[in-house]
Amino acid sequence: CTESTLSLVFWIMLSDINVYLFMLKCWQVTYESSYHLGEKQPAYMKYGIGGLLVLLLILIIWFPLLFMSVVTTNSISNPPTGFSCQLSVAGIEPLVKMKITHTPSLSEFELEKLKESVTNALPNNKTYNSYTEFVNRFKPADVVRLDVYSDSLTLWEISPAAVQYLTTLLEADNSAPGYNLTMMFEWTVERDPESTTALKRVSGVREILILNKNDIDKLPAPPSHYVSRKALLDIIKNCTVDTALRVNGLIPTFLWARETEMSHVDLFPPNTKTNLTDSRNLKKVNVSLHHYASPVVPCRIWDEYYWSMDQVSEFVPKFNNPINLPNSAKIQFYIFSDRIVSSQYQLIASYGIIGLYISVVLVIFKFVRLTLADSSTRIIFQEMPCPDLIKNLVTSTEMVRAQGEFVLEQVLFRKLILLYRSPETLIVWTGRHRRLKEE
């Protein structure tokens, strides 16, 4: 530990002055040995500095783009590990519950067949390019096709009181306050992401109105699809197992699992004549009531009944399940999963391209500002003709400290501070022994 009378701040100040004077002297010796009075700056200096500035500008623009391109290239797949869905009415116990844990990804051939199906369905019009662009974004590992049997996993566990409540709602006029009903389809995708920014579970929901046919004209904006109120009421009141309830435009086929949310997409364009959504996007489904044996008379729908939903619209492509159950209801889903950033790029990539641009520009701007700002106030220190005397004063201060002359150390350091506080004195001390080569 070096003994000294100087505090840490003054110690650092003295060392900084010493280093700066040494660099200034070295630069003067190098520059003056090759400079002649009135000599123009060489062309390589002008073009070199200009070229560096251009390269810096290119770096500012290009680096964030390059970095995000590398991040995107090194993204990893985030496939689903499980899928569940349910169909419900008025928030009561769901009619159909399904859960799938086997979620195989498509092969290269299967993905190409899907792309071919989408392409063949598109008119020769550039306005429909977005449909193929969406599919082309994904690799086979990012797309899952579920061809599953869609009988409910559980019996319809509903109480007699809940059945009475539901039938009361269905028998009432839809326009009465509190009696408007909807059928809701909810789906959930579970993942095991490596990224902390991606959610492990994302969900989506769609719903349509349950209406009587004569209620449609009373609505300000008549819906393109609805569920028949009367047909649903007949099935529930009479435990009808031989009549299906047609549900159109509710259940999507193509689901899009993003990093933090879930939605559905249309891969096929709407009908050019009716402008209605293609049934391959929002499928047509028959919802049916079943009993494990023979229906009980009188009707008690809460006693060992279950529901199923059977896809009527076209499969893309045909239904393919290795287990053959001829009389079971079938349904098909596609899940498109966005790729996620690898964990090693996650921290920086979380700011996004805009945040990265702002960070790079602010850092470079801060550096340029520190270099060029207030340059006029530093002229007196940067343009010392001869810093030898001040350098000798700094060296003397260090020498007397090493010899233990602490009083003299403090006196010399105060004289050094006085020099830097007095521009007139500094000019006198640094203006001696200046000799140009031309003299």
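Modeller: Happy to! In this predicted model, five strands make an open sheet with mixed pairing, in the order S2-S1-S4-S5-S6. Its edges are strand S2 (96-100) and strand S6 (227-228), each of which pairs on one side only. Within the sheet, strand S1 (residues 80-89) and strand S4 (residues 181-191) run antiparallel and are joined by nine bridges. As background, strands of a sheet pair through backbone hydrogen bonds, either parallel or antiparallel.

S8 (residues 254-257) is covered on both faces. Phe 254 and Trp 256 are buried on one side, and Leu 255 and Ala 257 are buried on the other. S8 runs parallel to strand S12 (residues 330-337), with four bridges between them, and Leu 255 has Ile 335 as its bridge partner in S12. With strand S9 (residues 262-264), S8 pairs in the antiparallel sense over three bridges. There, Trp 256 has Ser 263 as its bridge partner. S8 and S9 form a hairpin, with four residues between them.

Helix H3 (residues 108-121) has 14 residues, and the distance from its first C-alpha to its last is 20 Å, close to the 20 Å expected at 1.5 Å a residue. Leu 111, Leu 114, Lys 115 and Val 118 are the buried residues to look for in H3. Because they cover an arc of only 95° around the axis, they sit on the same side of H3. Phe 109 and Asn 120, on the other side of H3, are exposed.

Helix H5 (residues 160-171) can be read in a similar way. Its twelve residues should span 16 Å at 1.5 Å a residue, and its end C-alpha atoms are 16 Å apart, which agrees. In H5, Ala 162, Val 163, Leu 166, Thr 167, Leu 169 and Leu 170 are buried. Their arc around the axis is only 155°, so they fall on the same side of H5. Ala 161 and Gln 164 are exposed on the other side of H5.

Next, the charged pairs. Side chains of opposite charge can pair when their charged atoms come close. The whole structure holds 14 salt bridges. One of them joins Arg 339 and Asp 142, with the closest N and O atoms 3.0 Å apart. Arg 339 lies in the loop between S12 and helix H7 (346-349), while Asp 142 lies in the loop between helix H4 (129-136) and strand S3 (143-149), so this pair ties together parts that are 197 residues apart in sequence. Arg 339 is partly exposed, at a relative accessible area of 29%, whereas Asp 142 is buried, at 1%.

Arg 280 and Glu 314 form another salt bridge, at 4.0 Å from N to O. Arg 280 belongs to the loop between S9 and strand S10 (282-291) and Glu 314 to the loop between strand S11 (305-311) and S12, so the parts tied together here are 34 residues apart in sequence. Arg 280 has a relative accessible area of 18%, and it counts as buried because the cut-off is under 20%.

A further salt bridge links the side chains of Arg 401 and Glu 409, at 3.6 Å from N to O. Arg 401 is buried at 13% relative accessibility, and Glu 409 is buried with a relative accessible area of 0%. There is also a network: Glu 110, Arg 145 and Asp 147 are joined into one by salt bridges that share partners.

Finally, turn to the surface. A nonpolar patch there has about 980 Å² of accessible area in total, and its members include Tyr 44, Met 45, Ile 49, Phe 63, Phe 367 and Leu 372. Helix H2 (43-73) and helix H8 (352-372) are the elements that give two or more residues to this patch. H2 contributes the most, with seven residues. Tyr 44 sits in helix H2 and is exposed, with a relative accessible area of 61%.

Technical notes
Residues are numbered from 1 along each chain as its sequence is written. This is a predicted model: local features need pLDDT of at least 70, side-chain atom pairs count only at pLDDT 80 or more; totals for chains, interfaces and linings use all residues. Side-chain values use heavy atoms; hydrogens and water are left out. Patches are made of residues with over 30% relative accessible area and no salt bridge: like charges are joined within 9 Å, nonpolar side chains (Val, Leu, Ile, Met, Phe, Trp, Tyr) within 5 Å. Accessible areas come from the Shrake-Rupley method with a 1.4 Å probe; for residues, only the protein chains shown count as cover. Buried means under 20% relative accessible area, exposed over 50%, partly exposed in between (1.4 Å probe, protein chains only). Two strands pair if DSSP finds at least two bridges between them. The expected span of a helix is 1.5 Å times one less than its number of residues. The arc is that of the directions from the helix axis to the C-beta atoms.
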